[in-house]
Structure formats: C-alpha cells, structure tokens
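Subject: Structure handover

Hi,

Here is the structure I promised to pass on to you. Have a look at it first, and then read my notes below.

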Amino acid sequence: MIKFDRVSKRYPNGKDALRRIHFELPAGQLTFLTGHSGAGKSTLLKLIMMIERPTQGQVFVEGQNLNGFSTRQVPFLRRKIGMVHQNHQLLFDRSVFDNVALPLVIAGFARADIGKRVRAALDKVGLLSKEKLNPIMLSGGEQQRVGIARAVVNKPPLLLADEPTGNLDPALSAEIMDLFHDFARVGVAVLIATHDLSLIARHRHRLLTLREGRLIHDGEDDDHGA
Amino acid sequence: MAPNSPRARRPAGARSARTSLGDRLRAWRHHHRDSLRDALNRMRAAPSSALMTVLVIAIALALPAGLAVLLDNARVITKGWDGNAHLSVFLEMEVDENRQRQLADDWAGFDTVKRTEVVTRAQALDEFKAMSGFGEVLEALPDNPLPPLIVVYPDNAAPGQVEALQTRLNALPEVDNAQLDVAWVRRLHAIIELGDRLIGVLTLGLAAAVVLVVVNTIRLAIESRREEIVVIKIVGGTDGFVRRPFLYSGFCFGFAGGVLSLVLVGTALWWLGGPIDELLDLYESEHSLTGMSPSTVLVLPLFSGTLGLLGAWLAVSRHLGDVEPQF
C-alpha cells in the first residue's frame with residue numbers, strides 16, 4: 001500500500017529530516033511510527049500526503065510513484081488517504097454531519113449517497129445520534145471520533161493518524177485504537193504516528209522507530225528500539 | 001465499480017468509494033450553486049463590512065458612469081450645432097437697407113454660400129426688444145444702436161472653407177465684422193472629447209481601485225477561513241474547489257457594487273434633472289436630460305462583477321498557496 005524506497009528529505013534550511021528511509025506497509029496492517037519530536041515523523045507523513053516532496057528516493061502509494069504526480073493530481077491522491085489529526089481539525093461553523101460529509105462533497109458524491117455514507121461512518125464511531133450537533137458541543141474523545149469518521153467516510157485504502165490519542169485518557173485511547181483495529185481488519189493500511197509508548201506497549205504491532213531522520217527499528221518488538 | 005477494474009480484484013475488503021461522471025458533474029453544479037449561496041450568506045452575516053466594500057465599489061464606479069451620462073447629454077445637445085454653422089456679418093452703420101439686400105443677394109451667389117438672410121436694423125431692434133426684455137431702455141435711446149446684419153449660411157461647413165469665407169467678407173468695405181458663430185461650438189466639442197478621454201483615464205484608475213478593494217476583502221476572507229481551507233486541502237479538495245466560493249464572493253461584491261452605483265447615478269441624475277432641464281429651457285433647447293441607456297444599466301453591473309471576479313482571482317492565486325496543511 002505504501003512503499004518508501006531510500007527516501008531522503010532535506011529542507012531548504014539544510015536540515016536532514018529523513019535519511020534513506022526504506023520500508024513497505026501492506027494493506028490490512030496496523031503500524032506504529034514513533035520517535036522523539038524532530039525525529040522525522042511529521043516529515044514522513046507529509047511525504048505520503050504530498051505536502052512535501054522527497055529530496056531523494058521514491059514514495060509509492062498503491063503502487064504509484066508519487067514523484068510522477070503533478071501538483072494538480074495531489075488532491076486526487078489525498079482522496080485515497082484518510083487523515084486523523086491530534087487536534088481533530090474539525091470545522092466549528094457547521095454540524096457534525098457536514099464535517100463528516102466534506103470529503104464526499106468534494107469527491108462529488110450524489111446527495112442521497114452522502115447521507116447514507118455519512119450515517120454509516122458516524123454509526124461506526126458511535127456518534128449517529130449527534131449528527132446535527134456542532135462539534136464544539138462534543139467532548140474531546142467524541143471530537144476525535146468525528147475526525148476519524150471524516151477520515152474513513154469515503155473508505156480510503158490508507159489511514160494516517162498523527163498522535164490520535166494525544167489528548168485523550170487511556171480508556172478513550174483504547175476506544176480509538178479499537179476503531180483503528182477494525183479498519184485494519186477490513187483491509188485498510190493504518191499508520192499511527194505517536195510517541196505514546198504506553199499505547200504502543202499495550203498493542204503488539206509492527207513498530208517503525210525514527211531517530212534523527214533514520215529508521216533505526218522496524219519490527220514487532222517490545223523493545224521499541226528507542 | 002466495473003468488474004474489470006484492477007481495484008475490484010484487490011482481496012482486501014476496504015475499497016475506495018467511487019463516483020460516476022454524472023454524479024461528479026451534478027456535484028460540480030451543486031458546488032457552484034452552494035458557493036454562490038455561501039457567498040451571499042457570508043455577506044449577509046457581516047452586513048456592515050460587506051456594505052462598506054460594496055459602497056466603495058459603487059462610489060468608485062458611479063463617478064465615471066455619472067460623468068459619462070452628463071457627457072453623452074452634452075454631445076446630444078450640441079449635435080447639429082456644427083451643421084448650421086453660419087457667419088453673422090455685421091455691416092457698417094451707414095449701409096442702408098437697399099444696399100444691405102443687394103449685398104445679401106450678391107453673396108448668395110458665391111460658390112461657397114448656400115443662402116443668406118437679411119436682418120434689418122429695425123428687425124434686429126424688434127427681436128432684441130422681444131427677447132431681452134430691455135424694451136424700455138431701448139425706447140429711451142435716441143437712435144437704434146443695432147447694426148444691419150446679414151446671416152450667411154455656408155454651403156459646406158468644412159472648417160477651412162468657412163474661415164476663408166469669413167476672411168473674404170471681412171475684407172469688404174461695407175462689412176464691420178464677420179463673426180463665425182461656430183467657434184465656441186468647436187471649442188465645446190473639443191472639451192467634450194477631452195472629457196471623454198478624462199473619463200477613460202478615470203475609469204481605468206477607478207476600475208483598478210475596485211479590483212484592489214476586492215483583493216483586500218478576499219484576502220481577509222481567506223485569512224479568516226484558513227482552517228477550512230486547510231481541512232479541504234487535506235481531504236482532497238482541488239484548488240478549484242477551494243477557489244470557487246471566493247470567486248463567487250468577489251463577483252457578488254462587484255455585482256452588488258455595480259447595481260448600487262446605478263442607484264447612485266440614477267439618484268444624482270434625478271436630483272440634477274430639474275435644474276438642468278431649466279437651464280436647457282433657457283438655452284431654448286428642446287432636449288431634456290436623458291438618463292443611462294439600457295445597455296449601460298445592463299453592462300455596468302456585469303463589468304463591475306467581472307472586476308470583482310478578477311480581484312478575487314488575484315487574491316486567491318496570490319494567497320491560497322500560503323495556506324498549506326501543517327502537522
């Protein structure tokens with residue numbers, strides 16, 4: 001689903017954010033990405049989202065080399081990727097329903113279809129009864145679940161999460177993780193960037209560890225490589 | 001999904017949801033409609049600032065539009081004045097009526113003269129009494145102070161020819177002064193032409209001002225909707241999708257400004273109409289002030305809307321790139 005082929009990223013200020021990163025994520029697998037802040041987690045996610053482009057090497061999504069994508073094609077790549085943010089990135093000028101519907105509206109779904117899909121996604125995250133509320137009226141955990149519903153509403157083959165449990169207590173974190181497991185089970189490649197070691201410790205999954213831009217650990221390991 | 005699509009053969013359960021072309025076209029049309037509605041709603045949500053912008057645009061456009069109307073009127077009124085250009089030839093006081101008629105006949109025979117018209121001293125006095133209201137004053141004078149007059153209508157109003165005729169008549173011993181009555185009309189025409197150019201320059205300058213006002217308004221709108229733009233970009237909105245509401249917004253500002261400028265010009269013309277008609281009456285003109293032509297009424301809001309669209313487009317292409325998702 002995702003393949004990094006000796007990818008390096010150097011920012012214009014001369015900082016090497018990633019150095020020769022090489023890994024592959026298959027469909028249906030949940031993977032953690034960890035490392036201290038500044039280790040390159042954000043840059044790695046940005047390369048997948050094409051917010052940044054690699055200085056060297058190639059990134060593949062669904063077998064397509066992103067180096068061959070023009071700027072105009074970037075939105076269509078992003079429609080294949082569900083993105084969950086630490087701060088939810090919800091819009092408070094519209095209802096929960098409209099927030100979740102946004103990717104479908106953008107992709108050009110028929111109205112009736114949008115209603116069905118949005119309710120299915122909200123049902124999945126347990127917020128069907130709150131579709132008419134403004135997200136500002138929801139708790140942190142609920143807001144995060146709205147964010148997840150929005151990320152998966154158009155059934156993307158790839159789900160990225162940036163510190164999805166950052167502001168949540170362990171019980172809520174566990175709920176969110178359960179959702180991610182469900183998505184991985186139906187074939188979605190899930191990549192969760194986090195430095196929440198306890199979260200990683202509670203779930204035995206593949207773990208990618210970055211340090212100063214290098215991939216220093218890749219595997220199912222209790223040691224976390226850090 | 002077509003059964004032969006490569007995605008259909010993927011073993012995993014999750015499939016990217018897909019849309020048909022028809023759905024996407026319909027959605028595109030809907031988004032245009034929604035963008036327009038959104039633009040109008042946002043204007044309504046902040047009526048005072050929207051009104052400010054619209055008012056600035058309206059005033060900027062009303063100025064050249066109003067001047068153009070006045071100039072058009074001036075052109076209509078003075079049209080044809082050139083056509084009956086004539087020379088008023090004042091004769092020496094001692095030329096008697098018989099000699100005056102003889103001269104008039106002689107001159108009527110010139111190649112370049114179409115006809116002549118005799119105004120005797122007595123006729124001139126009567127006319128002057130009737131027109132000026134100075135009848136009693138004139139009664140009090142011992143003599144008729146008005147000279148005999150022959151009005152000469154040239155065959156051809158070409159400037160050079162009329163002036164040649166004027167020189168020729170001035171050289172005659174009986175002629176006191178041959179006056180070309182059309183000179184001031186020519187000057188007026190020159191002034192009107194100049195006014196035309198000035199309006200052109202003014203329009204250009206103020207159109208640029210309208211564009212800049214919209215650029216600034218839209219720039220602020222982009223700033224205040226930063227989060228929304230970021231989210232749209234993250235979930236795969238194209239630049240066109242992001243741009244569309246702002247373009248509609250710019251067009252709406254421009255269009256509303258154009259409509260309001262029509263109202264301003266209309267009000268100003270109505271306000272000026274009475275005095276101007278009175279003034280024209282005094283000049284014995286049959287014209288009365290004409291308002292804006294239907295084509296102006298139609299074109300001005302569209303022109304203004306286009307300026308707004310241009311401003312929005314400039315703002316969006318300049319500032320939308322600054323708003324990129326960060327995490």
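Let's start with chain B, which is divided into two parts: domain 1 covers 29-79 + 187-322, and domain 2 covers 87-181. If you take the centres of domain 1 of chain B and domain 2 of chain B over C-alpha atoms, 54 Å separate them. Keep in mind that this is a predicted model.

Now for chain A. You'll find seven helices and 10 strands in chain A. Its C-alpha atoms fill a box of roughly 45 × 40 × 35 Å along the principal axes. Of the 226 residues in chain A, 47% are buried. Also, take the contacts in chain A with a separation of 6 or more: 68% of them are between residues 24 or more positions apart.

Next, the sheet. A quick reminder: strands of a sheet pair through backbone hydrogen bonds, either parallel or antiparallel. In chain A, four strands form an open sheet, and if you walk across it the order is S2-S1-S4-S5, with antiparallel pairing. The edge strands of chain A are S2 (16-25) and S5 (64-65), each of which pairs on one side only.

Strand S4 of chain A (residues 56-61) runs antiparallel to S5(A), and two bridges join them. Look for A:Phe60 there: it stands opposite A:Asn65 in S5(A).

Cheers

How values were computed:
Residues numbered from 1 in each chain as written. Chains lettered and ligands numbered in written order. Predicted model: local features only at pLDDT ≥ 70, side-chain atom pairs only at ≥ 80, totals over all residues. Pairing = 2+ DSSP bridges. Domains from an automatic or database assignment. Buried ≥ 20, exposed ≤ 12 C-beta atoms within 10 Å, placed from the backbone. Contact = placed C-beta atoms within 7 Å.
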